[in-house]
Amino acid sequence: MNTETQRRTGSGTRETSIVARGLKKSYGDFEAVKGVTFEVYRGECFGFLGPNGAGKTTTMKMLYGAAVPTGGELTVAGLEITQNEREVKRRIGVVPQEDNLDNDLKVLENLLVYGRYFDLPRKVAQKKAGELLEFVQLSEKADATVEQLSGGMKRRLLIARALINDPEIVVLDEPTTGLDPQARHLVWDRLRELTSEGKTLVLTTHYMEEAAQLCDRLVIMEGGEIVTGGSPREMIEEHVSPEVLELRAAPEAIERLLTIVEANAGAVERAGETLLIYTADAGALMEKIHASGVPVENTMYRQAGLEDVFLRLTGRQLID
Amino acid sequence: MATLRIPSPRGTFRVWQRNMTIFRKYWKTLLLPNFFEPLLYLAALGLGLGAFIQRGGIEGQSYVQFIAPGLLASNAMFAASFESTFNTYVKLKIQRTYDAIVTTPVNAEDVVAGEYLWAGTRAALYGTGFLAVLTVLGLAFGEPLITSWWALLIPPALLMIGIMFSVTGTLFTSLIDRIDLFSYYFTLVVTPLFLFSGIFFPIEDFPAPVPQVAWFTPLYHAVNVCRALAVGPTPAVLVDVAWILIFTAALALLPIHLMRRRLIS
C-alpha cells in the first residue's frame with residue numbers, strides 16, 4: 001500500500017517522520033494490531049480512521065511507548081522505538097483519548113509541572129506555558145482548577161500540554177470525541193495551525209468529517225488491519241463513484257429496487273431499509289427508478305465521502 | 001519484556017518534585033491529621049493507661065517515655081502506607097496521573113521510585129514535626145521524652161522507614177484492582193504490625209515464637225531504631241538499620257516491575 005500511495009501522491013522522496021513495518025501488538029491470544037505498515041511524512045497530518053476496536057488506540061500507544069510492539073518495526077522521529085524510549089518521548093507530544101490532566105494542579109501548573117518532566121528550565125517553561133494558554137484560548141483560566149474546565153477546555157489544555165516540549169510529532173487519540181460542534185471546530189482550527197507551523201500530526205478518529213477536514217493522508221483501520229490508505233480524495237475516487245444516491249423504501253420495494261439498481265450502478269450497499277447507490281450519473285438512474293414505478297419513500301443525493309469508502313470496503317458503518 | 005528496569009535519578013526526582021509542589025500548596029491541611037493521631041495515642045495510652053503502670057515499669061522508663069519513640073516509627077509507617085496505597089492508587093487508576101507522566105521522558109520505573117522517595121519524605125516531614133512536639137511536651141512536663149542528641153538522626157531514619165513501608169504498600173497496590181481491597185492491607189498488615197512491634201510493650205517478654213516472628217517484621221526494627229536514637233543507641237541498632245536496608249533493597253524492584261506492567265502494555 002505504501003509504495004502505491006507514494007507513487008500516487010508523487011512524494012516518494014519526502015522525509016519520513018514515522019515508519020511502521022509489519023507492526024503487531026497482541027494481548028494474550030487477542031491480536032489488537034495485526035501487522036500494519038505505514039509511513040508518516042514530516043509536516044503532514046496523518047489520520048487513522050476506523051470504528052471503535054479497530055486497533056487505532058493501540059497503534060497510537062506504540063508510537064509513544066505506552067504499548068510495546070510484539071512484532072514488526074517502528075521508527076519514530078528517526079529512532080527505533082524500543083531502544084530509544086526516552087529520546088522518542090522527548091520529541092513527541094501526546095494528547096490521550098481520556099483526560100488525564102493533573103487534578104491536584106491548577107491549569108497553568110499543569111503545563112509547568114509537565115514541562116519539568118522534559119527538564120525545561122523554569123523560565124523557558126513559564127514563557128512557553130503562557131504562549132500555549134494563549135494559543136488554546138485558555139489564558140483567562142490559568143488559575144482555575146481542572147475541575148472547573150468544560151470538556152472542550154480540558155481537551156484544549158491537553159493539546160497545550162502536549163506542546164510544552166515543542167515536539168516535532170504530535171500524536172492525538174480521538175482529539176474531538178465527545179465535544180460539541182463549536183468546541184470541535186476550535187480544536188480543528190488549532191490543529192490546522194500546528195500543521196501550518198510544520199509539525200507532524202498523527203491522529204485517530206471515527207469521524208469521517210474530521211479525517212476529511214484535517215488529514216493530508218489517512219488509512220482506514222478495521223479489525224487490527226489497514227484496509228486502505230491515501231489522501232481523502234484519492235480514496236473516494238478509487239473506491240466509490242463520486243455521487244451517492246440514498247433511497248429509503250419499504251422492505252418489499254427494496255428487493256425490486258435492488259434488481260433495477262444493480263444493473264445500472266457501479267455499486268450498491270444496503271443498510272437496513274436504505275440503499276446507498278454509487279453512480280457516476282445519479283440523474284439517469286433516478287429516471288429509470290421512476291419509470292419502473294417502484295415506490296420510494298425518501299431520496300437523497302449527495303457527494304461521496306470517506307464514510308462511503310469505509311462502508312464499501314468493510315460492509316459496515318463507521319459509527320454503529 | 002522481563003528486563004529489569006532501573007529508575008533514573010532524574011525521572012525519580014521529577015516525580016518527587018511534582019508531589020512536593022502539591023504538598024507545598026496544601027501542607028497545613030495535609031499535616032494536621034498525621035500530627036494529631038500520635039498525640040491522641042500518647043494522651044490515651046501514655047497518660048491514661050500509663051497511670052496504671054507502676055513508675056519505672058518498663059526498662060527504667062515511665063510508660064509515656066517508653067511508647068513515645070515507638071509512635072514516631074508507627075507514624076512514619078502510617079504516613080508512607082497511605083501515600084503508597086490510596087494516593088498511589090488514585091494516581092494510577094482514577095486520575096490516571098501516571099499515564100500522563102509516562103508519555104514524557106519520565107519512565108514508569110521513575111514514577112515508582114519517585115513515589116518511594118516522596119513517601120519517605122512525607123514520613124520524615126511529619127515525623128520531624130512530631131519529634132519537635134514530643135521534645136517540647138517532655139520538657140514542659142518535666143518528663144523528657146527525647147533524651148539524646150542522637151535524636152537528630154531520627155528524621156533521616158524516618159525517611160528510611162518511610163521508603164521501606166512505601167515499597168511494601170506499593171507492592172500491595174500493584175497487585176490489586178479495587179480500591180476497597182486496601183482494607184485487607186490495613187487490617188491484616190498495618191494494624192498487627194502497629195500492635196505487635198514493641199511500641200506498647202516489650203515484645204521480647206512474649207512467649208516464643210512471638211519475639212522470633214516479630215524479628216522478621218519491618219516495624220519492629222523501625223521501633224528499635226527510633227527508640228535507640230531517642231535515648232541513645234547501642235551498637236545493636238546497626239543490626240536493625242541493616243535489616244531495614246536489606247529488606248527494602250531486596251523488595252524495591254518488584255513493585256517497580258509490577259507497576260510498569262500496569263502502565264505499559
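Predicted model: local features only at pLDDT ≥ 70, side-chain atom pairs only at ≥ 80, totals over all residues.

**Entry 1: a proline in a loop**

With those terms I placed Pro295(A) in the loop between helix H11 (282-292) and S14 of chain A. Is Pro295(A) buried or exposed? I counted 10 other C-beta atoms within 10 Å, so Pro295(A) is exposed, the cut-off for exposed being 12 or fewer. Setting aside neighbours within four places in sequence, I found Pro295(A) in contact with Ala249(A) and Ala253(A). I also took the C-alpha separation from Pro295(A) to Val76(A): 56 Å, for residues 219 apart along the chain.

**Entry 2**

I went on to strand S14 (residues 298-303) of chain A. Of its 6 residues the number buried is 0, so S14(A) lies largely in the open. Strand S11 (residues 243-248) of chain A is joined to S14(A) by 6 bridges, and the two run antiparallel. I looked up one facing pair and found Arg248(A) opposite Asn298(A) in S14(A).

**Entry 2: a helix and its bend**

I checked the length of helix H10 (residues 251-264) of chain A. At 1.5 Å a residue its 14 residues should span 20 Å, and the end C-alpha atoms are 20 Å apart, which agrees. Where does H10(A) bend? I found a bend of about 25° at Leu257(A).

**Entry 3: a glycine in a loop**

I found Gly272(A) in the loop between strand S12 (267-271) and strand S13 (274-279) of chain A. Gly272(A) is exposed, with 8 other C-beta atoms within 10 Å. From Gly272(A) to Ile254(A) I get 9.7 Å, C-alpha to C-alpha, across 18 residues of sequence.

**Entry 4: chain A as a whole**

I stepped back for the overall numbers. Chain A has 12 helices and 14 strands, and its C-alpha atoms fill a box of roughly 75 × 40 × 40 Å along the principal axes. Of the 320 residues in chain A, 45% are buried. Among contacts in chain A with a separation of 6 or more, 71% come from residues 24 or more positions apart. The domain assignment gives domain 1 (2-231) and domain 2 (241-304), and I noted 40 Å between their centres, taken over C-alpha atoms.

**Entry 5: an open sheet**

Next I traced an open sheet of 4 strands in chain A, in the order S2-S1-S4-S5 with antiparallel pairing. Why is one side of S2 and of S5 left without a neighbour in the sheet? Strand S2 (30-41) and strand S5 (79-80) of chain A stand at the edges, each with a single partner strand, so one side of each has no neighbour there.

I then counted bridges: 9 join S1(A) to S2(A), and 5 join strand S1 (residues 16-27) of chain A to strand S4 (residues 71-76) of chain A. Tyr27(A) has Phe30(A) as its bridge partner in S2(A), while Val19(A) has Thr75(A) in S4(A). The hairpin of S1(A) and S2(A) has 2 residues between the strands, and there Gly28(A) takes a positive phi near 65°.

A reminder to myself: most residues other than glycine have a negative phi, and most peptide bonds are trans.

- Glu174(A) has a positive phi near 50°; I found Glu174(A) in the loop between strand S7 (169-173) and helix H7 (181-196) of chain A, buried with 23 other C-beta atoms within 10 Å.
- Arg96(B) has a positive phi of about 55°; Arg96(B) sits in the loop between helix H2 (63-94) and H3 of chain B and is partly exposed, with 19 other C-beta atoms within 10 Å.
- The peptide bond from Ala208(B) to Pro209(B) is cis, with omega near 5°; Pro209(B) is in the loop between helix H6 (182-195) and helix H7 (210-215) of chain B.

**Entry 6: where the chains touch**

Last, I looked at the contact, which takes 20 residues from chain B and 22 residues from chain A. On the chain B side, helix H1 (9-48) and helix H3 (97-101) are the elements that give two or more residues. H1(B) gives the most, with 5 residues. I sorted the residues on that side of chain B into 8 nonpolar, 8 polar and 4 charged.

Methods
Residues numbered from 1 in each chain as written. Chains lettered and ligands numbered in written order. Contact = placed C-beta atoms within 7 Å. Nonpolar A, V, L, I, M, F, W, Y, C, P; charged D, E, K, R; others polar. Pairing = 2+ DSSP bridges. Buried ≥ 20, exposed ≤ 12 C-beta atoms within 10 Å, placed from the backbone. Expected span 1.5 Å × (residues − 1). Bend = angle between axes of the 7 residues up to and from the residue. Domains from an automatic or database assignment.
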